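Take a look at the two-chain model below. Start with a pair of helices, then move to the interface and the backbone.

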Amino acid sequence: MIVIARFTLQEALRRRLVLLIGLLGLLFLGLFLFGIHLQEAAFERRDASLGINAPPATRFIWMFFSVSGLYMVSFLGSLIAVLGAAGSLSGELEAGTLLTLVTKPISRSALLLGRWLGLLVLTLGFIVLLGGGLIIGEYRLTGYLPPASLAALGLMLLSVAFLVTFTLMGSTSLGTLPNAVLFLLLYGLAWAGGIAEAIGRATATPLLVRLGQISRYLFPTNALWRGASYYLQDPSFLDRQKALGVQGINPFIGQNPPSPHLLLWSLTYLLAILGIAIFLFQKRDL
Amino acid sequence: MINVKAIETQGLTKRYRSKLALEDLHLSVEEGEIFGFLGPNGAGKTTTIRLLLGLAYPTRGEVRIFGRSPQDVDVRRQVGYLPELFRFHEWMTGAELLRFHGNLYGLSSELLKTRIPEVLERVGLLGHEQRRIQSYSKGMQQRIGLAQAILHQPRLLLLDEPTSALDPLGRKEVRELLKRLREEGTTVLLNSHLLSEVEQTCDRIAILHRGRLLQQGRMDELGALEVEILARPLSPELTTSLSQLGHLVQEGERLILRLSSRERLPEIAQRVLAAGSQLYQLTPRAHLEDLFVQLIEEAS
């Protein structure tokens, strides 16, 4: 299992996949932090010309920077998860390289778990490095730190781990391309489900709310992101929204912590999917 | 555990949706022999190998490798395999590929340090191991495939058309490699549609057609047997007498006799002497091509 996990990482490195993703990630991070730097400079000029100290509301600006930046990290991480996992078994089968691997003295479940571990290290590493870099970079530039960065990163990791597992399961039975399309679509639908729920709440349409809730449990990626975004927002900002009565209607970020139900469900669901993936892979004629 | 068969199948049947790929195969391969699996394309040879390896599951019937299930990890440790459509991770170098496969076999890095050059030498790739697989020719890829199959000194080697990408010289090298492996006690199952290859290497063969076993047995026991006779003088009495044993053709000063049954082989010498001639040479040879064509035609 470890041999296969190491092989997965080695493969990603060698095929310059990691290099490319890493460079793009760095580019994104650099541009993002440069933008913050420009904004910070503009604020300082304004404060100096008006002869004031930074007003407390400035933190809300930095908060929006970190939320939108991490949203992007989460999106890129999800993309890598789906594209990386989509062909991890079917691609090997299509290429004909799988035959000499599954006939080695390792069980199919160990092969699948090795692939899973390798992919997790790759995608979770991406989120940790890029997300962590973003939070720390912004802190160094502006002194702003989200209230619960670690909880937010943790939820983002769970969301990406879920996508990796689900797509890997697809890879046991579907071709690489259909599999990638299917899971990008589901990811998009979960996102749309979150929007539907927000619109449903804003317009008091129970059907839309219901649809959103169903999608949240069927494919919890978006719900997990909304949970993560809650931990990135300043409590005073959330309180203010609550007071205005506009709670729960922002379609992109959440105003409530993720329910323990959702967390428990996502974890159980992930493990169940992993179990089903092993079962499907074991039963399959190669 | 006395005399456990290397391969044993009972009523092995595989159906892919509506297509019957293999039907009721009873096969038994002893340890230490080279067993040839012959048949036209689509006969079910590759399906059989996949079932033997546990890559596919039988619709009916049973497979035993050294008396155990092919899914058994301990069994797989003793099996080497080269698929027909071999492809390896092209971004690896030859040496990296063998190290990776060695690790999957559970071989220690220490052992691999001596073992990898050995197998590279055996398959004729020594000196090319630092190159990436993508720069290898098709033939070299087949050789590295053979190398990964014999890396762990398997007790049983399953080769699916192992010389398809090799030139005549490469084929000869593989034949010699197989013979050396047999001397070391390795059992080999060889899938091939190259009759001469099977004829020159295998102890026993099975002929498969449309998923069914037509014939299996020792090379020299199978069906028609041709005998080359050099006798002097070539009198009419002699030819008349010999033609009673089977189909007789004269080629120069030699007679080629195709016997209807192996049992009549000893009669040849008697008849030559009885006809008043001297026997200089009597060479039996199994003629696989004729047998093969005959069997396939009968079955079609």
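In this predicted model, A:Leu163, A:Phe166, A:Thr167, A:Gly170 and A:Ser171 of H7(A) meet A:Asn179, A:Leu182, A:Phe183 and A:Tyr187 of H8(A). By class, that contact holds five nonpolar residues, four polar ones and no charged ones. Helix H7 of chain A covers residues 149–173, and helix H8 of chain A covers residues 176–203. Their axes come within 9 Å and cross at roughly 145°. The crossing of H7(A) and H8(A) is right-handed.

Now turn to the two chains together. Here 23 residues of chain B are in contact with 19 residues of chain A. On the chain B side, helix H2 (73–76), strand E5 (79–82) and helix H3 (94–105) each supply at least two residues. H3(B) gives the most, with five residues. The side of chain B that touches chain A divides into 15 nonpolar, five polar and three charged residues.

Next comes the backbone of chain B. Most residues other than glycine have a negative phi, and most peptide bonds are trans. B:Arg17 has a positive phi, near 45°. B:Arg17 lies in the loop between strand E1 (7–16) and strand E2 (19–29) of chain B. B:Arg17 has 5 other C-beta atoms within 10 Å, so B:Arg17 is exposed.

B:Arg210 also has a positive phi, of about 50°. Its loop runs between strand E8 (204–209) and strand E9 (212–218) of chain B. B:Arg210 counts as partly exposed because it has 17 C-beta neighbours inside 10 Å.

Finally, the peptide bond from B:Arg232 to B:Pro233 is cis, with omega near -10°. B:Pro233 sits in the loop between strand E10 (225–232) and helix H8 (236–243) of chain B.

Definitions and conventions:
Residues numbered from 1 in each chain as written. Chains lettered and ligands numbered in written order. Predicted model: local features only at pLDDT ≥ 70, side-chain atom pairs only at ≥ 80, totals over all residues. Contact = placed C-beta atoms within 7 Å. Helix = DSSP H or I, 4+ residues; strand = E, 2+ residues; numbered from the N terminus. Nonpolar A, V, L, I, M, F, W, Y, C, P; charged D, E, K, R; others polar. Axes fitted to C-alpha atoms, helices over the stretch in contact; angles between N-to-C directions. Left-handed = near helix turned anticlockwise from the far one by under 90°. Buried ≥ 20, exposed ≤ 12 C-beta atoms within 10 Å, placed from the backbone.
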